[in-house]
Amino acid sequence: MWFLLLCLVAGAGLAAILYYRNSDDGIPRKASIILALLRFLAISFIAFLLLNPLVKRFTREKELPVVVIAFDNSESMLVHSKDTLDDATKLRNTYKQLVRELSRNFHVETFSFGESVKDSVNLDFKEKETDISSLFTSLENRYAGRNTGAYVMLSDGIYNRGFNPVSLTDRINLPVYTIQWGDTALKRDLILAEVNYNRIAYLGNNFPVEIVIRATRARGQQTRLTVRNREKIFHNQPIDITSDNFVKIVQVNLNAEREGILDYDIHLSPVEDEITMVNNRTRAFVEVLTSKKRVLLLGKKPHPDLGAMYNALQFNDMIESEVIMLNDFRGQPSTYDLIVLHQLPDDQRSGELFAQIVKERVPMAIIAGGNTRHEYISGAGAGPVLTPGRMQGQHNEVLPLLNPGFALFSPSADFTDQLGDMPPLIVPFGRYDAKPGEQSLFFQRIGNVNTNYPLISFTQLQGNRACFIAGEGIWKWRIYSYRNKRSHRPFDVFFSQVVQYLTAGDDKTRFRVNARSYFQENENIIFTSELYDAAYNPVVDPEVSLSIKSSDDQTYTFTFSRKERFYTLDAGRLPVDEYRYVANTTLGDENFTASGRFVIAPVDIEATMTRADHAMLRTLSLNTGGLSVDIDEVQKIIDDIKNRDDIKPVSHLREKFTDLTSVYWLLGIILLFFAIEWFFRKWYGGY
């Protein structure tokens with residue numbers, strides 16, 4: 001503050017020099033004092049502003065409450081509609097009315113939901129599944145700490161994924177307003193409720209297909225169940241409907257008579273006055289293989305890692321896995337296509353078994369632990385060289401760090417996008433040096449330090465493939481995957497990719513295209529491709545094209561995108577059918593071609609639910625303090641939200657510092673002082 005004295009001294013000094021040093025300039029004494037005062041104030045003020053002073057100001061900001069509008073965009077909203085165009089128009093108009101009316105008093109944000117929650121509201125009603133619980137989970141995370149007033153949801157109440165949304169009401173601390181859509185009355189309808197079968201069968205074997213038939217309000221009617229392909233009918237059975245809530249399970253035995261993909265059409269003939277025939281037909285695709293891959297999960301003692309790996313492989317019908325403890329193992333390694341050694345070898349006996357596995361050239365995966373004898377592993381070339389730390393028995397908690405240069409296969413994006421938050425593995429303390437030719441999928445991230453130590457790596461072992469995982473605890477990855485994605489599938493797909501790579505053998509083909517053989521119609525079709533030069537080095541310079549042809553010869557063409565060491569292609573979604581694909585590229589004077597096939601299976605779950613669940617919607621609103629109304633009474637919801645005392649704007653008092661040199665009216669006052677002084681000096685004939 002003492003700088004203010006200097007400002008005043010500067011102003012007084014300059015005023016004194018001008019008016020008291022030149023007191024004989026003809027200006028009257030009283031006027032001279034007033035003009036000197038103006039000069040004193042102006043100069044002092046300028047000096048003060050040169051100090052760049054800041055002034056604290058308080059401003060009050062008004063935050064409008066957020067009202068979230070969520071619309072059900074699933075197929076069930078219109079699949080049983082008698083007038084689809086009019087009903088779709090009515091739904092869209094209701095959406096526009098809600099947004100228009102509520103936007104006058106609130107900050108409105110909109111979402112649509114079905115298979116997932118989307119920020120954009122494109123009401124085409126084509127979502128193949130409905131997950132209402134994920135909507136509230138997503139909104140809870142998104143609006144935590146916000147001034148959120150209410151949720152408004154328009155739905156038929158039908159859900160077929162996730163949890164019952166009513167079970168989440170204890171966590172929803174906002175009123176949920178539900179707008180009821182759909183018909184709750186039972187109508188005459190035949191439904192192929194479920195078709196259960198294994199996607200994989202083996203050549204020459206019989207396999208069952210279980211068909212669950214439901215019928216509502218069709219007592220006394222008769223339908224006919226037909227199972228056929230393009231060439232012949234395999235099953236033709238009349239079915240008498242004996243009650244208004246009829247359920248019948250039919251098991252059809254089929255034969256895997258040829259290798260490849262078998263396409264079956266399953267159909268129920270309609271009955272009189274049936275409300276819809278959409279849910280009377282579906283297709284089943286079965287891939288016929290010659291044999292399964294046998295995988296042995298061998299452990300020293302029971303461990304949750306073994307359970308996680310076993311469960312992860314159960315969804316893959318091409319793999320047959322078993323868990324055996326080392327003391328109980330009496331088999332021959334050569335009878336397996338892959339052996340997973342959990343915390344082995346750890347002694348002489350398991351070291352001898354390890355040597356036998358290497359000698360018999362059986363692909364292996366090693367999950368190391370605190371007692372693992374790394375000298376056996378590095379000596380055989382099955383993993384990196386470990387230089388232990390000084391303190392024996394110590395370990396690190398290690399996070400996975402994706403290696404962008406890894407090119408052996410493309411790990412599942414649903415899994416790798418979670419890596420930043422994955423639980424750590426328990427890895428023996430020490431330095432890990434990768435051997436020549438060893439490729440790391442994940443490096444070790446220790447605390448905040450990124451290292452080049454392999455966490456999961458792959459190598460060639462006497463002509464066969466081997467995988468090394470530096471630590472235990474991958475069971476936590478599977479649990480985290482379920483917590484984060486509400487499904488074990490991301491981890492299961494990833495681990496299945498590892499196993500499929502290890503059991504595939506050493507493919508020396510210089511051009512490869514990889515894709516799954518089975519997709520559902522609500523999945524994107526993903527391909528990866530690899531191209532190698534004559535020295536077997538990966539190249540990505542040439543363009544790779546792909547042509548996909550359906551069973552009726554409709555053709556789709558694509559071009560792969562280049563990555564660092566391989567190619568990728570997202571072909572989007574395609575209609576239900578069996579497809580064949582051919583990929584082509586040219587490297588120098590050589591032309592390369594790769595081909596394959598896949599099927600896209602239908603997702604008919606939305607069509608099997610014909611009765612709207614308004615009771616669930618009413619319960620959801622009742623438990624949260626909202627209203628549940630028919631779509632024709634939507635104005636009641638709008639009025640209730642506007643009249644609620646607990647949905648009001650919030651004022652925030654914010655502190656702000658302002659530079660006085662940016663306040664223009666202060667500069668105007670200084671100029672005014674100088675202008676007045678100049679005018680009167682001229683008036684009195686001064687200079």
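Trainee: In which hand does helix 3 pass helix 13?

Mentor: A word on the source: this is a predicted model, in which local features need pLDDT of at least 70 and side-chain atom pairs count only at pLDDT 80 or more, while totals for chains, interfaces and linings use all residues. Residues are numbered from 1 along each chain as its sequence is written, and side-chain values use heavy atoms, with hydrogens and water left out. Helices (H or I, at least four residues) and strands (E, at least two) are DSSP runs numbered from the N terminus. A crossing is left-handed if the near helix is turned anticlockwise from the far one by less than a right angle, and right-handed if clockwise; helix 3 passes helix 13 in a right-handed crossing.

Trainee: At what angle do helix 3 and helix 13 pack, and how far apart are their axes?

Mentor: Two packed helices are described by the angle between their axes and the distance between the axes. Axes are lines fitted to C-alpha atoms, for helices over the stretch in contact, and angles run from 0 to 180 degrees between N-to-C directions. Helix 3 (residues 84-102) and helix 13 (residues 634-643) pack at about 20 degrees, with axes 11 Å apart. Since angles under 35 degrees count as roughly parallel and over 145 as roughly antiparallel, with 65 to 115 roughly perpendicular and the rest oblique, helix 3 and helix 13 are therefore roughly parallel.

Trainee: How do helix 2 and helix 14 cross?

Mentor: The axes of helix 2 (residues 29-50) and helix 14 (residues 664-683) come within 9 Å and cross at roughly 150 degrees, and these helices are therefore roughly antiparallel. Their crossing is left-handed. Contact means heavy atoms within 4.5 Å; among the residues making it are Leu-38, Ala-42 and Phe-45 of helix 2 and Ile-670, Phe-674 and Glu-677 of helix 14. The contact residues divide into 15 nonpolar, no polar and 3 charged, where Ala, Val, Leu, Ile, Met, Phe, Trp, Tyr, Cys and Pro count as nonpolar, Asp, Glu, Lys and Arg as charged, and the others, Gly among them, as polar.

Trainee: Is Glu-127 buried or exposed?

Mentor: Buried means under 20% relative accessible area, exposed over 50%, and partly exposed in between (1.4 Å probe, protein chains only). Glu-127 has 11% relative accessibility and so counts as buried. Glu-127 is found in the loop between strand 4 (117-118) and helix 4 (132-142). Leaving aside neighbours within four places in sequence, the residues in contact with Glu-127 include Asn-73, Gly-114 and Glu-606.
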